[in-house]
Amino acid sequence: MGHWIWYLGLVLGLSLKNLPLMWHFRFFGALIMGYLARRRSSRVLKQHQVFLPTVVKSRSPATECDFNLHKSNSTYITDLDVSRAHLSGLLFAPVLLSFKRSMHCNLIVSSIACTFHREIKPYQPYELWTRVASWDDKWIYMVTHFVDNSKSRPRCFVMQADASINSKKMKCPAPHKGERHEDVFASAVTRMVFKKGRLTVPPQRAFEVCGLLSASTAESPTAATHTITRTEASESANSCHERTLGEIVSYKETNLPIVRLERGWDAVRELFCEEQFVLTEYKDFMW
């Protein structure tokens with residue numbers, strides 16, 4: 001009898017990610033962790049950091065595998081829920097979790113589109129890099145890339161602890177542009193909308209309430225450059241490149257046809273960029 005208990009415990013432990021009600025723990029845990037990361041941080045989120053990603057580490061247990069012995073396509077959606085919850089808790093807690101505010105609203109998923117590039121093997125570790133890519137008058141678009149966690153090397157977690165330099169992960173040089181896309185397992189675009197009851201809240205307004213953007217960001221730049229300066233590895237942990245208002249609007253407008261899938265999935269995949277600066281890192285439950 002004792003051996004069967006140990007075997008049962010082993011099976012449950014290896015499939016913990018897929019036990020009943022576990023999605024709820026993962027989702028709300030990620031939402032709260034994102035909120036706490038922002039609240040506990042000694043740094044204030046700035047508008048030029050709105051496009052920075054969060055990183056969620058996870059694995060694919062055997063219970064997520066299909067008959068091809070790799071992660072089933074359907075299980076990517078639950079991972080997306082957790083990753084978006086972590087980013088949403090970090091960016092939008094003032095409107096999502098502050099119930100006493102007159103501006104309290106929900107962030108509703110309207111559609112999810114995902115494409116698969118490479119398989120994820122059983123218990124293989126991977127990371128979900130999720131970021132706000134663009135928005136328009138109604139919709140906000142988040143892009144998530146499932147990537148090999150042995151290849152990604154962020155240098156600094158801006159909103160985590162004291163935002164110290166992650167020197168351990170910077171021992172190896174970052175891959176070239178052509179190589180980094182080979183490490184992407186899958187790419188996904190999620191379209192969402194802010195809702196206050198039946199009323200739709202424009203994303204720009206939600207960003208303003210959360211202190212992430214100023215009202216002037218909504219104005220179209222007259223001479224904005226479409227070339228966004230990337231952060232160099234030689235910069236210190238506190239010197240993340242501060243985009244101007246023109247660059248923010250330009251970046252948003254450039255990405256909009258991509259996240260609307262008007263330029264194909266290759267363009268979505270190419271949105272993955274190994275940022276030297278990311279907002280936070282989070283481990284999906286016990287993984």
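In which strand is isoleucine 112 found? Isoleucine 112 sits in strand β2, which covers residues 106–116. The model described here is predicted.

**Overall picture**

The chain has 287 residues, and 49% of them count as buried. Its secondary structure comes to seven helices and nine strands. Take the contacts between residues at least 6 apart in sequence: 80% of them join residues at least 24 apart. The accessible surface of the chain is about 14200 Å². Carbon and sulfur atoms account for 57% of that surface.

**Confidence**

Mean pLDDT for the chain is 80. A value of 70 or more is reached by 76% of the residues. Two stretches call for care. Over residues 164–176, pLDDT stays under 50. The model still gives that stretch 26 contacts beyond four places in sequence. Residues 220–239 also have pLDDT below 50. Here the model has 38 contacts beyond near neighbours in sequence. Where pLDDT is low, predicted coordinates should not be read in detail.

**A nonpolar surface patch**

Back to isoleucine 112. Its relative accessible area is 31%, so isoleucine 112 is partly exposed. Together with Ile77 and Val109, Ile112 forms a nonpolar patch on the surface. The accessible area of the three together is about 190 Å².

**Salt bridges**

Side chains of opposite charge can pair when their charged atoms come close. The model has 12 salt bridges.

Start with lysine 71 and aspartate 79. Both residues are buried. Both also belong to a network of salt bridges, which links Lys17, Arg26, Glu64, Lys71, Asp79 and Asp284.

Next, arginine 84 and aspartate 81. Both are in helix α3, residues 76–96. Why are they about one helical turn apart? They are separated by about one turn because they are three residues apart in the helix. Arginine 84 and aspartate 81 are both buried.

Arginine 260 is in the loop between α6 (245–259) and α7 (265–269), while aspartate 136 is in the loop between β3 (125–135) and β4 (140–148), so the pair ties together parts that are 124 residues apart in sequence. Are these two residues buried or partly exposed? Arginine 260 has 39% relative accessibility and so counts as partly exposed. Aspartate 136 has a relative accessible area of 17%, so aspartate 136 is buried.

**Cysteines**

How many disulfides does a search of the whole structure find? The search finds zero. Cysteine 210 is in no disulfide. The nearest cysteine sulfur to cysteine 210 is that of cysteine 105, and it is 7.7 Å away. A disulfide would need the two sulfur atoms within 2.5 Å. Cysteine 210 counts as buried because its relative accessibility is 3%. Cysteine 273 is buried too, with a relative accessible area of 10%.

Note on methods. Residues numbered from 1 in each chain as written. Heavy atoms only, no water. Patch = residues over 30% accessible without salt bridge, like charges linked within 9 Å, V, L, I, M, F, W, Y side chains within 5 Å. Areas by Shrake-Rupley, 256 points an atom, 1.4 Å probe, with all protein chains shown as cover. Salt bridge = Lys/Arg side-chain N within 4 Å of Asp/Glu carboxyl O. Helix = DSSP H or I, 4+ residues; strand = E, 2+ residues; numbered from the N terminus. Buried < 20%, exposed > 50% of the residue type's maximum accessible area, 1.4 Å probe, protein only. Contact = heavy atoms within 4.5 Å. pLDDT = per-residue confidence, 0-100.
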